[in-house]
Amino acid sequence: MRRADRLFQIVLLLDRGRAVTARELAEALQVSERTVYRDVADLSRSGVPISGEAGVGYLMRPGYRLPPLMFDADELAALALGSRMVRSWADPELGRAAERALLRIEAVLPKKLRDDPSRDALLVPGFHVPDAMRAPMAELREAISAQRKVSVAYTRADGAGSERVIQPLGLVFWGEAWTLGAWCELRGEFRSFRLDRIRSVAALDSHFDGAGMLARYLLAVQQESTRQRTE
């Protein structure tokens, strides 16, 4: 990675509203922490408003605006591939948003990059994801964003129906199926719910504090997967 590209990546990583340690930056950029210290110092001297504190990390002070973006061919291929995944595998509203974003990016590209045929060779078929799998996504995304509890009518794998009040945390795509990661108030533990088995969703007036819960859910899923492999 060119140094100019690395400096730009540091600015992007620091512009996320949270402190980032030198170690995290070094791992993301695959350089040494000493290189990160030098790069951050150079950015600060050039006028980029970076705040830093030992043991806490670096943070971009509010009000800084990045210059207009330019992408290379591989970055555009990644964006195009991601956009097609969203259009094929997610709910229609999110798919349309992904397409609008990609069109907005391509509108300002040089013709050479805009007409690169290799991007069209990255295909993402969506016929293996049934409509029922995508149907509740928009409502669930809204509940996750607002940290609102939802009541769901759910059909278990054995065909039995149940009513649950859950705290929705995240949507996970496993290649063949979408699942909702959530805290189930009926069971008092983290659970994964297949979206095509959710018969109905109703957002409730009550909210929950989801700070750190998604990370704990993912850890629980990982531990369960490890346990099953070792049995």
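I started with helix 3, residues 33–45, which has 13 residues. From first C-alpha to last, helix 3 reaches 18 Å, close to the 18 Å expected at 1.5 Å a residue (the expected span is 1.5 Å times one less than the number of residues). Helices here are DSSP runs of H or I with at least four residues, strands are runs of E with at least two, and both are numbered from the N terminus.

A note on the source: this is a predicted model, where local features need pLDDT of at least 70, side-chain atom pairs count only at pLDDT 80 or more, and totals for chains, interfaces and linings use all residues. Residues are numbered from 1 along each chain as its sequence is written, and side-chain values use heavy atoms, with hydrogens and water left out.

Which residues of helix 3 are buried? I found Thr35, Val36, Asp39, Val40 and Leu43. They cover an arc of only 130° around the axis, so they sit on the same side of helix 3 (the arc is that of the directions from the helix axis to the C-beta atoms). Buried means under 20% relative accessible area, exposed over 50%, and partly exposed in between, with a 1.4 Å probe and protein chains only. In general, an α-helix has 3.6 residues a turn, so residues three or four places apart point the same way.

On the other side of helix 3, I see Arg34 and Arg45 exposed. Arginine 34 has a relative accessible area of 68%.

What do the buried residues of helix 3 pack against? Helix 1 (3–14), helix 2 (22–29), strand 1 (50–53) and strand 2 (57–60); contact means heavy atoms within 4.5 Å.

**Helix 4**

Helix 4 covers residues 73–89, with 17 residues, and reaches 24 Å, close to the 24 Å expected. Its buried residues are Leu76, Ala77, Ala80, Ser83, Arg84, Ser88 and Trp89. Among the elements covering them I noted helix 5 (92–106), helix 8 (137–146) and strand 4 (161–173).

**Positive phi angles**

Glycine 47 follows helix 3 and has a positive phi, near 105°. Most residues other than glycine have a negative phi, so I looked for exceptions. Glutamine 30 has a positive phi of about 60°. Glutamine 30 is in the loop between helix 2 and helix 3, and counts as exposed at 73% relative accessibility. Glutamine 147 also has a positive phi, about 50°. Glutamine 147 is in the loop between helix 8 and strand 3 (148–155), and is partly exposed at 29%.

**Second largest pocket**

Its lining is Tyr154, Arg156, Ala157, Arg164, Arg191, Ser192, Phe193, Arg194 and Arg197. By class I get three nonpolar, one polar and five charged residues. Strand 6 (residues 189–194) gives the most to this lining, with four residues.

**Whole chain**

Buried residues make up 33% of the 231 residues.

Technical notes: 1 Å grid on protein atoms, 1.4 Å probe; cavity = no way out; pocket = protein on both sides within 12 Å on 5 of 7 lines; lining within 4 Å. Nonpolar A, V, L, I, M, F, W, Y, C, P; charged D, E, K, R; others polar.
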